[in-house]
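Visitor: Could you walk me through this one? I'd like to start with a ligand and then jump around a bit.

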Amino acid sequence: FNGSKSHIAHADAVASNDDHRIASSEQVPKKKKVVLLGTGWGGMSFLKSLNNPNYEVQVVSPRNFFVFTPLLPSVTCGKVEARSIVEPIRNIIRKKNVNISYSEAECVKIDPNNKKIYCRATIDSHSKGEEVFAVDYDYLIIAVGAQVNTFNTPGVMENCHFLKEIDDAQKIRKNVIDSFEKASLPNLSDEERKKILHFVVVGGGPTGVEFAAELHDFVNEDVVKLYPNVQELVKITLLEATDHILNMFDKRITNFAEQKFGRDGIDVKLGSMVTGINENEISTKVRGNGEKTSTPYGMVLWSTGIGPRPLIKEFMKQIGQGNRRALATDEWLRVEGFGNIYALGDCATVNQRKVMEDISEIFRKADKDNSGTLTVKEFQEIIDDICERYPQVELYLKNKQVRNMVDLLKEAKGDAAKESMELNIEEFKSALSEVDSQMKNLPATAQVANQQGAYLAKCFNRMEECEKNPEGPPRFRGTGRHRFHPFRYRHLGQFAPLGGEQTAAQLPGDWVSIGHSEQWLWYSVYASKQVSWRTRALVVSDWIRRFIFGRDTSG
Ligand code: FAD
Ligand code: MG
Ligand code: MG
Ligand code: MG
Ligand code: MG
């Protein structure tokens, strides 16, 4: 991007000319301009929930469609068609009563001082070179997601497949089918066929595990019939650097998955770090004893996590967040230090406040009569605010199996404590000293991005109303100017499809169950979560088609 300074200067001139014209010819107050970057989970969810016609929204994204990412693994082996899980963004915005426009371009630079972003068109036929244009904003919403992380492992970019975008899934599908065709050609030795049919998955997270399971099902349900001569030569290897696959799930699910994969003949290698990949071989090192091996492969899927996009890295450097892995926001999703820039989803992380950081302030606010001690009654008046402001409190009470905060205080004060008890600041501190241990960063999931987008839209829907009559619960330190409730994540549970029409489900309250009925739950949840009736119908008919006719293996 460095080479395009003159483009930016030109874009600036055009933008300020525009401003001039509008300022002189327009009497009505201008609508506030919201610029939204990204049409993924975060962006789509914001657009779907926004209904305040007093904004003018400009969407900028290199992708003019939304992708239902949880079904990407299903596309890799033909269980679901690619077009069934995408929804054109223009279909979503045309149904809105809000003035929304879309530009197929990527943002290449954010200039918060001048409230401007610079964009470059990404349409293929747009071959005039690097044309950059500027867009002004009153509010900027950053929802650009993240990119794959190779951890600088040599050869990964050149030789591996990734599963992040719809193109990736289609490429993988074509490659899988091509592998079987290639291995079926005459004049190959068994060694060569084995190499072609050695599928390696790097990373035992939900995506890697689901792809391995999909591939195994594909081999057992369709390849046996269509390529019976090579079926015996297929090998699937799953490499995981830590001690277990599906780390973020309950132990029971991890164990079940490892055992099922063992029975299925998927070779799960735990504690196995990839050190490099060339055209023919993948090299690994065993974490414990440092033993090194190189194995011939036919195809590798790299699925080991995410890192920030260049745009976000650059922006973080600009605003003094240079050593972070995601943009830090407050709990209102505003980028730290900015009142008019919001960030959500995989590119961002919410800085949650600690109770212990604010403990003296909380005590002082609660101690209405300035007596230096808190009575139960004084305390009860602020409990709701504390619970709202510090979500970790509720988790802590639940884990400790304490009914409410008053009980917690009583417990800390000793069994004899009555309704008449009073606590001084030191006692108050020690009663709450462990509460912050429950704080966890929100995961980089569609569920989080989706809820954040809807939350932010709600804030924008109510913005003027709230500006006119500032309200809301009293706040603690540094939060007095906020008019909205902070963002609260509600975890609805997660699934891990394990193949053979079996799925592991971990629902709120750590309710774990695994089996065939969970697979049906999975089908119904994922059908209901579709963003439109069109994609819902397409996905469901793909599933039915697959049940009746098997997977489509043309490619
Ligand atoms: P994204 O959805 O990635 O959207 C980013 C958007 O920004 C895209 O439209 C992109 O084109 C655009 N963009 C990129 N760069 C720029 C730029 N410079 N300027 C403007 N726009 C830009 N989560 C779950 O909760 N459950 C699941 O089952 C699940 N399964 C998954 C399976 C797979 C294979 C993958 C890859 C992810 C899965 N996830 C799942 C995670 C989920 O997809 C992400 O957490 C979610 O997409 C994050 O939303 P986002 O809006 O932050 O980013
Ligand atoms: Mg998005
Ligand atoms: Mg998405
Ligand atoms: Mg995040
Ligand atoms: Mg008092």
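Visitor: Which residues come nearest to ligand 1?

Guide: Of the 31 residues around ligand 1, Gly42, Thr69, Cys107, Asp346 and Ala446 come nearest, where a residue is near if one of its heavy atoms lies within 4 Å of the molecule. This is a predicted model, in which local features need pLDDT of at least 70 and side-chain atom pairs count only at pLDDT 80 or more, while totals for chains, interfaces and linings use all residues. Residues are numbered from 1 along each chain as its sequence is written, chains are lettered from A and ligands numbered from 1 in the order in which they are written, and side-chain values use heavy atoms, with hydrogens and water left out.

Visitor: What does the shell around ligand 1 have by class?

Guide: The shell has 15 nonpolar, 11 polar and five charged residues; Ala, Val, Leu, Ile, Met, Phe, Trp, Tyr, Cys and Pro count as nonpolar, Asp, Glu, Lys and Arg as charged, and the others, Gly among them, as polar.

Visitor: And which element gives the largest share of that shell?

Guide: That is α16, with three residues, where helices (H or I, at least four residues) and strands (E, at least two) are DSSP runs numbered from the N terminus.

Visitor: How far is ligand 1 from the backbone of aspartate 346?

Guide: An oxygen atom of ligand 1 lies 2.8 Å from a polar backbone atom of aspartate 346, and for a backbone N or O atom of glutamine 447 the distance to a ligand oxygen is 3.1 Å. The protein covers 89% of the 1,000 Å² of accessible area that ligand 1 has on its own, by the Shrake-Rupley method with a 1.4 Å probe.

Visitor: Switching to the metal, what coordinates the magnesium ion?

Guide: The magnesium ion, ligand 4, is coordinated by the O atoms of Gly345 and Ala348 at 2.3 to 2.5 Å. Donors are N, O and S atoms within 2.8 Å of the metal (3.2 Å for Na, K and Ca), and water is not among the atoms, so sites may look incomplete.

Visitor: Is glycine 345 buried or exposed?

Guide: Glycine 345 is buried, with a relative accessible area of 11%, and alanine 348 is buried at 16%; buried means under 20%, exposed over 50%, and partly exposed in between, with a 1.4 Å probe and protein chains only.

Visitor: Last topic: what is the phi of leucine 246?

Guide: Leucine 246 has a positive phi of about 50° although it is not a glycine, and its place is in the loop between β11 (235-240) and α9 (251-264). Leucine 246 counts as buried because its relative accessibility is 0%.

Note on methods. Polar contact = N/O pair within 3.5 Å; in protein donor to acceptor, adjacent residues only side chain to side chain.
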